[in-house]
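Welcome, and please take a moment to look over the sequence and the 3D view before reading on. We will then walk through the structure together, one region at a time.

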Amino acid sequence: MVAVRHFPPIDESMTRVDGPCREVTLLEDRAQVRRVAELRVSAGVTHIAIEDVAPTLQDVSLTAVVLDGRGRVTDVRCRRAMRVWKEDERADLEALEAEIQSLRRGLRHLSEDRTRLDARHTTLLDIVQQGADEIPVDASWGLVDQQAWRETFEGVFERVSEVRQQIYDLYHQQLDLKEQLDNALARRVTATQSQSRLVAWIE
């Protein structure tokens, strides 16, 4: 739900009518705009408003006339106010904060898991290097067992490949969570910041 406020407040008792531009004449430093509104009124005083006109409207140049029908304009003026709107759904904001915290925890856990896998990957590579360094030494002592070497290295290389795949998967999970977190943070900025602009209307 969006709460909209005007400062100073708008008189809600006014009859709001649509007054689209029918004619625009461009001059050297300004423009002459002609708007036409249609409405039925009862006998007596009617207070009407034509909204969303340019706040830069020159008050002294403003005129209003009745084109058809019985009636007369007793006064016309331009009013200005700041229109402020803000998302005012506390429950939605709390849910968004919970989502942000959950995403941050998920990223932290993935980072911790990836750090452990990186360390394991380094350890496995060290084992491979150590085994490769020992082969010439074993061979010099006549301890040649190609089958044992093959089984040992195949097992280690298979484990290295598994760990690398796990690191790769965690990396992409981190990217996905980071994108979700950035999106949630952007939505929080939009939901918590007040937005305002100067508006004007003719009454």
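**A guided walk through the model**

R159 has a relative accessible area of 29% and is therefore partly exposed; here buried means under 20%, exposed over 50%, and partly exposed in between, with a 1.4 Å probe and protein chains only. Its partner in a salt bridge is E162, with the closest N and O atoms 2.9 Å apart. A salt bridge here is a side-chain nitrogen of Lys or Arg within 4 Å of a carboxyl oxygen of Asp or Glu. Because E162 and R159 are 3 residues apart in helix 2 (residues 146-192), about one helical turn separates them. E162 is also partly exposed, at 35% relative accessibility.

Before going further, a word on what you are looking at. This is a predicted model, in which local features need pLDDT of at least 70 and side-chain atom pairs count only at pLDDT 80 or more, while totals for chains, interfaces and linings use all residues. Residues are numbered from 1 along each chain as its sequence is written, and side-chain values use heavy atoms, leaving out hydrogens and water. The pLDDT is the predictor's confidence in each residue, from 0 to 100. Its mean over the chain is 80, and 85% of the residues reach 70 or more. Where pLDDT is low, the predicted coordinates should not be read in detail.

Now step back to the whole chain. Its secondary structure comes to 2 helices and 7 strands, where helices (H or I, at least four residues) and strands (E, at least two) are DSSP runs numbered from the N terminus. Along the sequence the pattern reads β-β-β-β-β-β-α-α-β. Of the 203 residues, 20% count as buried.

Next, find strand 3 (residues 21-26), which holds L26. Strand 3 pairs with strand 4 (residues 31-35) in the antiparallel sense over 5 bridges; two strands pair if DSSP finds at least two bridges between them. The two are joined by a hairpin of 4 residues, and E23 stands opposite R34 in strand 4. L26 counts as exposed because its relative accessibility is 71%. Together with V24 and V33, L26 forms a nonpolar patch on the surface, with about 300 Å² of accessible area in total. Such patches are made of residues with over 30% relative accessible area and no salt bridge, with like charges joined within 9 Å and nonpolar side chains (Val, Leu, Ile, Met, Phe, Trp, Tyr) within 5 Å. Accessible areas come from the Shrake-Rupley method with a 1.4 Å probe, and for residues only the protein chains shown count as cover.

What does I48 touch? Its place is in strand 5 (residues 48-53), and, not counting residues up to four places away in sequence, I48 touches M14, T15, V17, L39, I202 and E203. Contact means heavy atoms within 4.5 Å. I48 and S13 are 35 residues apart in sequence, with 8.9 Å between their C-alpha atoms.

Finally, return to salt bridges, of which the structure holds 8. One of them joins R80 and D59, whose closest N and O atoms are 2.9 Å apart. R80 lies in strand 6 (residues 78-87) and D59 in the loop between strand 5 and strand 6, so the pair ties together parts that are 21 residues apart in sequence.
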